Amino acid sequence: MSTTDPPVNTSSSVDDREQSVTPLELFFDLVFVFAFTQVTGFLIHHLTWTGLAQSAALLGVLWWAWVCYSWLTGVVNAEEVMSARLVVLAAMAAMLIVALAVPDAFGDDAVLFGIAYFIVRFLHIVLYIVVAPAETQTAVRRIAPGFLGGPALLVLAGFFDGSVQAILWILAIVIDYGIVFIRGVEGFHVHVEHFVERHRLIMIIALGESLIAIGIGAGGIPLTLTVIGAALLGIILVIALWWLYFDYIVLAAENRLSKEIGTARAVMARDSYSYIHLLIVGSIIFVAVGIEQTIAHVGEPLALIPAIAFCGGCGLYLLGHTAFRFRDHRTVSYLRLGVGIVAVVLIPVALQIPALAALALLTALLVGLTVYETLWSEHRNRLRSTK
């Protein structure tokens, strides 16, 4: 496998130049800002192995709800059809209840969480029936049992606790994610520019959560030079995460997706964006927890779970990029892969040194990667221009 970057061409075919992201979609995404913040808060208040697993499960179901709506609104402008607009707004209201129930989604609010989430997913199927073309409606009927069966298991899980609840959650997620893999995505359409733009925006939302974490960590403590320094390192780290995604990778991915047509395009979109982007977005949420815990306990070593979330999140972010690139281009950036592994290896180090030092190490690691890739890319471009 080559480490040579694939060529970037941001042009798209004429049939992909449909509507831009609509105000309704942006409005709908606002509730996910709150939902992601709730997941971060959940993990901060449950810094245990169980809490880590439950946070990952919560993120998985919230992400899949967003994915389902992003596929539909990328094909049909729901804002232009009054009935569709009302369904989206109703789903937004139900999603707010889901987000509100996140802190106790495995306790007293488990049933409420499950019912509200089922409504969100049920309205997604209704929306397809209202506005989708006939071919897509047939595809939706093919996967509807899984899309409704998984959320229904979450309702059932709310009446149990312990291992039974955990098993039902696992089954729900496996069914929900697995149905489009087993039954396929034939009949679904992907308009590249709009689809990629939606994922750019959700990445911005996830990165914004890291900035919010800086504010949460600094809340209620004196703004000493050490805390200010940690906050500055935190935002530099977030900038590096942004740069690594938006400077190159998303452009190459959009170009690659635009070259596929029909079902092949839908399959690539499912794999690269619906599946693999969960790793990338989820890793940012875990990094946010690490930043918050660092600022809140700046002079102390990180505890085990925050260290795993922080170092592991940085590593998972780059491993997600590696999977993304390999799925699209069948090439690997061994540099990103290596840096991701180094970030994970730093977990035991983070348990021994002050949290500020661990933050400085991770920031230097990712900034160094960003600077090297940027300078190397400019160097290659200069060489090409001289030939």
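**Cavities and a helix pair**

α2, α5 and α6 (162-182) each supply at least two residues of the lining of the second largest cavity. Helices here are DSSP runs (H or I, at least four residues), numbered from the N terminus. This is a predicted model, where local features need pLDDT of at least 70, side-chain atom pairs count only at pLDDT 80 or more, and totals for linings use all residues. Residues are numbered from 1 along each chain, and side-chain values use heavy atoms, leaving out hydrogens and water.

A cavity is a set of points, on a 1 Å grid over the protein atoms alone, where a 1.4 Å probe fits but cannot get out; lining residues have an atom within 4 Å of a point. The second largest cavity has a volume of about 40 Å³, volume being the space filled by probe spheres set on the points, which are joined across faces, edges and corners. Among its lining residues are W64, Y117, P151 and D176, and α6 gives the largest share, four residues.

Now for the largest cavity, at about 130 Å³. Of its 13 lining residues, V67, W71, I143, F147 and V180 sit closest to the centre. Here α2 gives the most, with four residues.

Elsewhere, look at α8 (residues 225-258) and α10 (residues 304-329): their axes come within 10 Å and cross at roughly 10°. Axes are lines fitted to C-alpha atoms over the stretch in contact, with angles from 0 to 180 degrees between N-to-C directions. So α8 is roughly parallel to α10, a label for angles under 35 degrees. The contact (heavy atoms within 4.5 Å) includes W242 and R256 of α8 and F310 and D328 of α10.

Key:
Parallel < 35°, antiparallel > 145°, perpendicular 65-115°, else oblique. 1 Å grid on protein atoms, 1.4 Å probe; cavity = no way out; pocket = protein on both sides within 12 Å on 5 of 7 lines; lining within 4 Å.
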